[in-house]
Each structure stands twice: as structure tokens, then as C-alpha cells.
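Student: Can you walk me through the ligand site in this one? I'd like to go contact by contact.
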Amino acid sequence: MNDPWVPVPMTIRSRRQETSDTVTFELDASAAPVRFRPGQFTMLWRYGLGEVAISVSGDPREPERLVHTIRAVGAVTRPITQLRPGDVLGVRGPFGRPWPVDEAEGSDVVLVAGGLGMAPLRPAWLHLLANRERYGRVLLLVGARTPADLLFPDQLGAWRARFDTEVQVTVDRADAGWRGPIGVVTRLLERAGLDPARTRVMTCGPEVMMKFVAREALRQGIPADRIAVSMERNMQCAIGVCGHCQWGADFVCRDGPVFGWDRVGARFAVAGV
Amino acid sequence: MSTEEVRAALAAHPFCQGLPEAALDTLAGHARLQVLAEGLTLFEAGERSHASWLIREGRVGIALHELEVVETVEAGELLGWSWLIGQWQWHADARALTEVHAIRLDGDALAERCRAEPSLGFELARRALRAATGRLERSRLQAHDVFRVRGA
Ligand SMILES: Cc1cc2nc3c(=O)[nH]c(=O)nc-3n(C[C@H](O)[C@H](O)[C@H](O)COP(=O)(O)OP(=O)(O)OC[C@H]3O[C@@H](n4cnc5c(N)ncnc54)[C@H](O)[C@@H]3O)c2cc1C
Ligand code: FES
């Protein structure tokens, strides 16, 4: 990793509009390859605007191509998503603890993604596919608000067509043109026919959704330490110094963003989410 | 379609998991296998409810406000439990979104049998309650509209 305090300038190589408010950028990292683990994030900085934490959504085997999927929600992300190929962003990182893909070897692995949660889980999924022989069943369960809000729809289709993976998508609402499942993503988990003794769950999405996913996994008998969630908190330093991202006894940037449910489940109960 | 076929289909359906043999026999006497064509309406809100379906294959959409489907019911799941809890009217619409293979339970006859055999009634009501509780929890989560972008 480069100096964690100093942003490395990288040029936007390509920009893809994913949904009405979300874009995927590929940055040229060939001069300073970003070797990251699935689930890690970087701090993206734009002169005059500020800095935001964004998960890497690309392929961990391609450190020269740094990929991020960003939703325009506020003062920094809105203008950043307007940038075009050739524009430059400053990059610090990667930071944070990854998804437990190594610990999951030999197990069945279920990724449960809600909305933008597909972005941080995508590198984990690509890792599972690239090392398919090291895992048992691999399942990707995706929930979105409507079919138009689905991230990476073409890739979902291609992954679904493989014979060695199980990919299911559900939406909260749809018009008559949609023939797939409708309902919350936890239903896909109910239907998955999992063997709790050999399953690991990794989930990312809105906190309420992750709470219901964890609850359903626990109900099926999957132990809390085999359920991982990824958290978001406001960040500044991203290296465990400033305390901005404090959450209970943890700093999300240093101790997370990926946490075991055994460590953080009780906090969800307190938060009332 | 023989009663044995129906009984075997019932025994293989998750709804019937753990049911005593005698209860399966009773159910088989009041059930039949159906193939429902895509687009077929199974029931509409306001109609008299006197059946349940155990879905074996395919997908049924439940709609509350005319065309808006709020949830799909799929293989291994129970569709419709109103008659089991003494409500004889549907409160939603149900339409086959794909071709559907199902076991149709005759609610009129089974309600009679449940009154005569409370242990059977208890088993069926318990399973229906489990399905209804799941639906309630999912509706709560759906009501959060969790994927709405805050501040947007
Ligand atoms: C570890 C980590 C990984 C992240 N990964 C990604 C990612 O891959 N892609 C991505 O787009 N974002 C990601 N985020 C969230 C991203 O950092 C925030 O959306 C961003 O900081 C918002 O900054 P802003 O200045 O644009 O918005 P602000 O001006 O700070 O906020 C404006 C409005 O947006 C709302 N808002 C803030 N954050 C969010 C949010 N996360 N979701 C919805 N509404 C929000 C606020 O409530 C407010 O109403 C991640 C955050 C963390 C901590
Ligand atoms: S962002 Fe500074 S401690 Fe986490």
C-alpha cells in the first residue's frame, strides 16, 4: 500500500451508468496497482469536493484496474458521479478487514446482497468463482427495490447461466413484465435449502435488511460467527486514528467494515433497527 | 390421478413434513393435483375462500391493489389459509405467473374434518400460523422500503 495519508491520483478510464443514480468507474491504477481483498474500501478524493469511503467492486485479480460503484446521495458523491473518462480522482487505501473468503474454504457460501450492497460483495463473488473448487455450494441472493435498480444485470444473467452456481434475484415491486420472485431477500434464504452445519453467510445492504438476514440465518441454525455483515459509518482518516467511524467498541475503518455477527449482533438490537 | 399419487405428493411437500400418517391419509382424501396455466387467476379479493394450494412447482403472484404483486409464492410453500382460521373470504388476488403444479386442498371438507378431529386441526392450523407469521415478518421488512435512498 502507498502512504495511507496521501491520495494517489488516478485517471478515470471508463464510466458506466448502472442505474439512474449509480455509476461504475474504472480507474487506471497501472502506475500504482491496488492489491485489495474482497470487502475492502478506498477513500476517493476530489479536489475541492472532499473525500468519501467507497468499496472496491472490481476483480481482486486485476490490481491495475480499480473499480468502484458509486451512488449519488450527497455533497461529494453527486458531483463525483458526474465525472467523465479522463478526469482524475485521488485514491487512498485499500483499507479495512475483508470478507472471510479464506475462512470459508470448504464450506457452502451464501452471499446476500441488497441494493448497493452488491458492490462490496462483487469482489467476494468473483473470488468464489475464480477459486470455485475450494468451495461447496456457492449462492448469490440479490434483492433490489425494482428490476431497474438491479446492479450488474448482465453479469447476474451470465452467472445465473453457469451450472456450478446458484443465483436468485427478488425485487420489492415490479410491473407485469417481471416474471421473477417478488418479496424480500430473506425469502430467498428461506428457500435456499441450506445445510446449517456447513454454510457461511456474508451479507451487505441496508442495516435493517442485514438484521433480518442474520435473524433468518440464525433461525436456520447457522452459528453467529459464520455470519458476516459489512457496515458503513462516516469516515475521515480510514486508518483508526480520528475516531469518526466509532461504532460501539470498534472503529469501522480498522476493525471492519466486515464484522462477524457474534461480535456485532447485540448492537443491532440496541440500535432498534 | 390416484389417491396414492396425491398422497405421495403431499408426503413430499414441506408443508406436510412431520404429519402423522393418518393425517396424510385424511388430507389425501380431500386433495387433488392440479396444473394451472400461466395467467390463470386462482382467486380474487372478496370471493369466498374454500381452498388452499400447496405449490410444487412454478410461481403464484399475490396482489393487494389490483395489479401490484406484493409477494410471490413458490415451490414448497402454502398459498391461502383463510378457511383454516375461520375466514371464508379472500383478502387478496392470486394469479399464476408461470405454469404452476400444485396440490389443491378442499377447505370446506377439511374444515369439517378438523372440527371432528382437533388434533388434525391443530397440526394444520400450526403450519398455517407459521406461514402467516413469516408473511407478517416479511411485510414488516417490506414496509421499511429499505432500498429507498435516504436524502434522495
Ligand atoms: C466502508 C464503506 C464502504 C462504502 N462503500 C460504498 C460504495 O461502494 N458505494 C457507495 O455509493 N457508497 C459507499 N459507501 C457510502 C459512502 O461513503 C457515502 O454514501 C458517502 O460518504 C456520502 O457522502 P456525500 O458527501 O456524498 O453525502 P452527504 O452529503 O454526507 O449525505 C447526503 C445525504 O445522503 C445520505 N447518505 C449518506 N450516506 C448514505 C448512504 N450510505 N446511503 C444512502 N444515503 C446516504 C445522508 O443521510 C444525507 O441525507 C461506503 C461507506 C463506507 C463506510
Ligand atoms: S475514520 Fe478515523 S478512525 Fe475510522
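Tutor: First, a term: a residue counts as near a molecule if one of its heavy atoms lies within 4 Å of it. Also keep in mind that this is a predicted model.

Student: Which residues come nearest to ligand 1?
Tutor: Ala53(A), Thr69(A), Arg71(A), Thr77(A) and Glu232(A) come nearest, out of 21 residues around ligand 1.

Student: Where does ligand 1 lie?
Tutor: Between chains A and B.

Student: Back to Glu232(A). How far is its side chain from a nitrogen atom of ligand 1?
Tutor: An N or O atom in that side chain is 2.6 Å from a ligand nitrogen.

Student: And what about backbone atoms?
Tutor: Thr69(A) has a polar backbone atom 2.9 Å from a nitrogen atom of ligand 1. For Gly74(A), a backbone N or O atom is 3.3 Å from a ligand oxygen.

Student: How much of the accessible area of ligand 1 does the protein cover?
Tutor: The protein covers 76% of the 910 Å² that ligand 1 has on its own.

Student: Which elements give two or more residues to the shell?
Tutor: Strands S4 (50-55) and S5 (65-71), both of chain A. S4(A) gives the largest share, 4 residues.

Student: What about domains?
Tutor: In chain A, domain 1 (8-95) and domain 2 (108-269) each give at least three residues to the shell around ligand 1.

Student: Last one. What is the shell made of, by class?
Tutor: The shell around ligand 1 has 12 nonpolar, 5 polar and 4 charged residues.

Note on methods: Residues are numbered from 1 along each chain as its sequence is written. Chains are lettered from A and ligands numbered from 1 in the order in which they are written. This is a predicted model: local features need pLDDT of at least 70, side-chain atom pairs count only at pLDDT 80 or more; totals for chains, interfaces and linings use all residues. Side-chain values use heavy atoms; hydrogens and water are left out. A polar contact is a pair of N or O atoms within 3.5 Å; within protein, one must be able to donate a hydrogen and the other to accept it, and residues adjacent in sequence count only if both atoms are side-chain atoms. Accessible areas come from the Shrake-Rupley method with a 1.4 Å probe; for residues, only the protein chains shown count as cover. Ala, Val, Leu, Ile, Met, Phe, Trp, Tyr, Cys and Pro count as nonpolar, Asp, Glu, Lys and Arg as charged, and the others, Gly among them, as polar. Domain bounds come from an automatic or database domain assignment.
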